[in-house]
Amino acid sequence: MKTSIIESDIIIGMLDTGVWPESESFNDTGFGPIPQKWKGTCQKSANFTCNNKIIGARYYLTDGDNGPEDFISPRDADGHGTHTTSTAAGGLVSQASLFGIAKGTVRGGVPSARIAVYKICWSNGCSDEGILAAFDDAIADGVDIISLSVGSFIPFDYFEDSIAIGAFHAMKKGILTSNSAGNGGPTPGSVVNVSPWSLTVAASTIDRKFVTKVKLGNGQIYEGATINTFDLKGKMYPFIYGGDAPNLTLGVASEFSRYCFPGALNATLVKGKIVFCEYFTDYEGVLEAGALGAVFQDTGNKDFQFSYPLPFSTLNVNDGRMIINYLNTTENPTATIFKTSQDNNQFAPFVVSFSSRGPNPITTDILKPDLTAPGVDILAAWSEASTVTEGDTRRTRYNIISGTSMSCPHATGAAAYVKSFHPTWSPAAIRSALMTTAIPMTSNNNIEGEHAYGAGHINPLQATDPGLVYDAGEIDYVKFLCGQGYTIANIQLISGNSSSCSEETDGTVWDLNYPSFALSSTPG
């Protein structure tokens with residue numbers, strides 16, 4: 001049997017902001033009938049239709065979650081859910097790009113897999129009630145893998161965490177939950193979604209990086225770190241220092257306007273010009289003042305990029321000083337900002353700075369994150385109801401964004417791929433295969449070592465034949481929880497059954513058959 005036929009029986013449940021079903025990434029041409037095991041539904045809606053690719057769709061709305069821009073249906077108004085869904089299981093689409101940037105063929109991890117959409121997140125957030133209801137439905141519907149690029153800003157104990165509770169119930173039914181590790185890095189102990197019965201995924205770079213070059217009137221060119229989708233055709237424009245354009249009407253001094261905060265700039269002096277700002281704040285100040293573009297001096301990490309609603313680049317401090325010198329010594333300074341180009345990232349893969357780090361804040365003797373996967377500058381499908389970025393008015397079918405939300409569906413796709421080869425494997429066995437075959441990484445690029453990348457960088461092809469697997473089931477996790485000192489009431493909240501602790505079920509964390517090892521110590 002061909003691999004694509006086997007994969008077409010795999011159903012991935014995506015718990016996110018919904019999906020844009022008309023995207024070419026979800027075209028069902030060539031798909032056969034829906035797998036007989038599917039028990040779900042396509043929730044009726046005037047503006048949403050399923051097909052043989054997106055075989056199911058539901059939405060979960062609680063009071064106060066939605067805003068005026070939301071669709072009261074599984075349709076995605078944000079873009080996030082469409083992006084993650086196409087990353088996990090989108091079909092092959094040629095000539096995809098973000099306004100010509102990163103042009104090529106996009107595809108998901110398992111392009112032949114089926115998709116079930118569970119819209120749990122709205123413009124005002126994602127409710128615990130919606131998350132738990134979606135887990136229950138996904139389990140009953142017959143999904144094989146659950147993907148959840150959602151998490152709290154801070155870690156919660158297992159019995160207070162709706163995602164951990166839902167993932168435990170999924171595990172009991174043989175379904176692995178793939179979770180994002182969070183975007184709180186590089187702060188130690190910031191990792192979230194750390195339950196040992198789910199897969200926790202960090203974000204790492206790929207071998208492509210984007211650069212946005214700035215050229216001055218004296219011919220000097222500097223490399224910046226943004227995604228600039230605007231093409232000024234190399235034309236030189238007047239270049240002004242923010243400190244020379246204070247908004248005196250509001251009593252703003254040059255010491256403040258040089259940072260280009262909202263309201264700080266004189267619109268008359270700035271309009272139609274490129275502005276240089278000494279400190280990276282945001283685009284709002286230059287945009288509202290009518291600037292044609294902006295160059296910011298930025299002391300932050302430059303291992304990932306954002307796009308902006310005007311020509312924009314960020315430079316390091318040394319290059320920023322050179323530009324200030326040019327502005328101060330040139331009578332009529334000019335500059336241009338080139339459209340973003342791509343280059344080879346020779347240091348990839350390494351864990352990006354924003355990816356949340358361990359040690360595990362809930363159970364320090366279990367290593368989290370489990371592994372890392374691509375999550376930086378990922379091109380994938382986008383909702384046509386959403387703009388390219390905040391403050392923009394343009395729409396796009398494909399967008400480039402970064403986050404552990406992007407790495408999670410990469411791991412989801414890999415887990416589904418392993419599941420297609422080993423349909424009877426438990427969630428623990430699939431996670432074990434992904435972890436034990438991960439490509440080893442080094443602390444040379446990540447000083448936090450395993451607290452950044454866990455077992456290493458995901459290697460899906462190798463994971464189908466891992467050799468030894470570390471298996472575990474419900475009773476093993478109950479023993480773990482008992483050994484951690486949780487009360488019977490707490491454990492029942494997580495497990496949903498009448499589990500009880502006794503000498504037989506009281507195990508230490510090291511008794512859990514986990515494919516990584518961690519040992520915490522208290523300074524003495």
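**Ground rules.** I number residues from 1 along each chain as its sequence is written. The model is predicted, so I keep local features only at pLDDT of at least 70 and side-chain atom pairs only at pLDDT 80 or more, while totals for chains, interfaces and linings use all residues, and side-chain values use heavy atoms, without hydrogens and water.

**Domains.** I looked up how the chain is divided and found domain 1 (1-206 + 349-464) and domain 2 (208-344); such bounds come from an automatic or database domain assignment. Their C-alpha centres are 35 Å apart. Domain 1 puts 22 residues into the contact and domain 2 puts in 19, where contact means heavy atoms within 4.5 Å.

**Interface.** I noted a buried area of about 1,700 Å² between the domains, with 54% from carbon and sulfur atoms. Buried area is the accessible area (1.4 Å probe) that two parts lose on being put together, summed over both. On the domain 1 side, I list twelve nonpolar, six polar and four charged residues. Here Ala, Val, Leu, Ile, Met, Phe, Trp, Tyr, Cys and Pro count as nonpolar, Asp, Glu, Lys and Arg as charged, and the others, Gly among them, as polar.

**Helix α2.** I then turned to α2, residues 80-89; helices are DSSP runs (H or I, at least four residues) and strands are E runs of at least two, numbered from the N terminus. Are its residues buried or exposed? Ten of ten are buried, meaning under 20% relative accessible area (1.4 Å probe, protein chains only). Among them are H80, H83 and A89. The buried residues pack against β1 (11-16), β5 (114-119), β20 (378-381), β21 (398-401) and α9 (404-421).

Key
Buried < 20%, exposed > 50% of the residue type's maximum accessible area, 1.4 Å probe, protein only.
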